[in-house]
Amino acid sequence: MNKPLSPKFLLEDNLIKLARWLRLLGYDAAVYRSTSLSSLIALAKKEKRVFLTRSKRIFKLKQKFPRYLIKNTSYKNQLNELKDYIKYDEGHLFSRCMNCNVSLHDIEKKKIKDLIPEAVFETFENYKICRRCGRIFWQGSHYHKMKLILQKIFLKQ
Ligand SMILES: [Zn+2]
């Protein structure tokens, strides 16, 4: 297992799309819903997470906690904005469930035969599973499409 990437993030729930892409890159990107701002800040401090917000008001709060004001609205531009803080590392790609933010685990192909389409089973050898939501992942066309988007953002000259 790779060493976890840092920093860890805490995002406002209006940044859920960005959170999902950070997870694809392998970053621990938590989104807590229905929680007050003060408890969010307390969590960010306790769990040593960088608070990502689109709110200038939150960004300007006097309290001390690591934060970053996201300026863009599209996730591609948002990822671009964070380029100084995060990196594209193949070894960490798709190591986390984009829905649950927990690490994925390798699972033997034969154990999931009945859970995936037959054509997929016949094509791919390696699978990962999220133990929280039960979703199974493999490196199909969806995987390559997302990888290409990330490469365009992070590897362009
Ligand atoms: Zn999951």
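Let me start with a term: two strands pair if DSSP finds at least two bridges between them. Strands here are DSSP runs of E, at least two residues long, and helices are runs of H or I, at least four; both are numbered from the N terminus.

This is a predicted model, where local features need pLDDT of at least 70, side-chain atom pairs count only at pLDDT 80 or more, and totals for chains, interfaces and linings use all residues. Residues are numbered from 1 along each chain as its sequence is written.

Now the overview. The protein has six helices and seven strands. Its C-alpha trace spans about 55 × 35 × 25 Å along the principal axes.

Next, the sheet. It is open, with three strands in the order β5-β6-β7, and the pairing is antiparallel. β5 (105-107) and β7 (136-137) are the edges; each has a single partner strand, so one side of each lacks a neighbour in the sheet. β6, residues 127-129, pairs with β7 over two bridges. Which residue of β7 is the bridge partner of K128? That is F137.

On to burial. A residue is buried if 20 or more other C-beta atoms, placed from the backbone, lie within 10 Å of its own. Of the 157 residues, 20% are buried.

Look at helix α1, residues 16-25. Seven of its 10 residues are buried, so the rest of the structure largely encloses this helix. Among them are W21 and R23. What covers them? The cover of α1's buried residues includes β1 (8-11), β2 (29-31), α4 (75-81) and α6 (141-154). After α1 comes G26, with a positive phi near 105 degrees.

Definitions and conventions
A residue is buried if 20 or more other C-beta atoms lie within 10 Å of its own, exposed if 12 or fewer, and partly exposed in between; C-beta atoms are placed from the backbone. Two residues are in contact if their C-beta atoms, placed from the backbone, lie within 7 Å.
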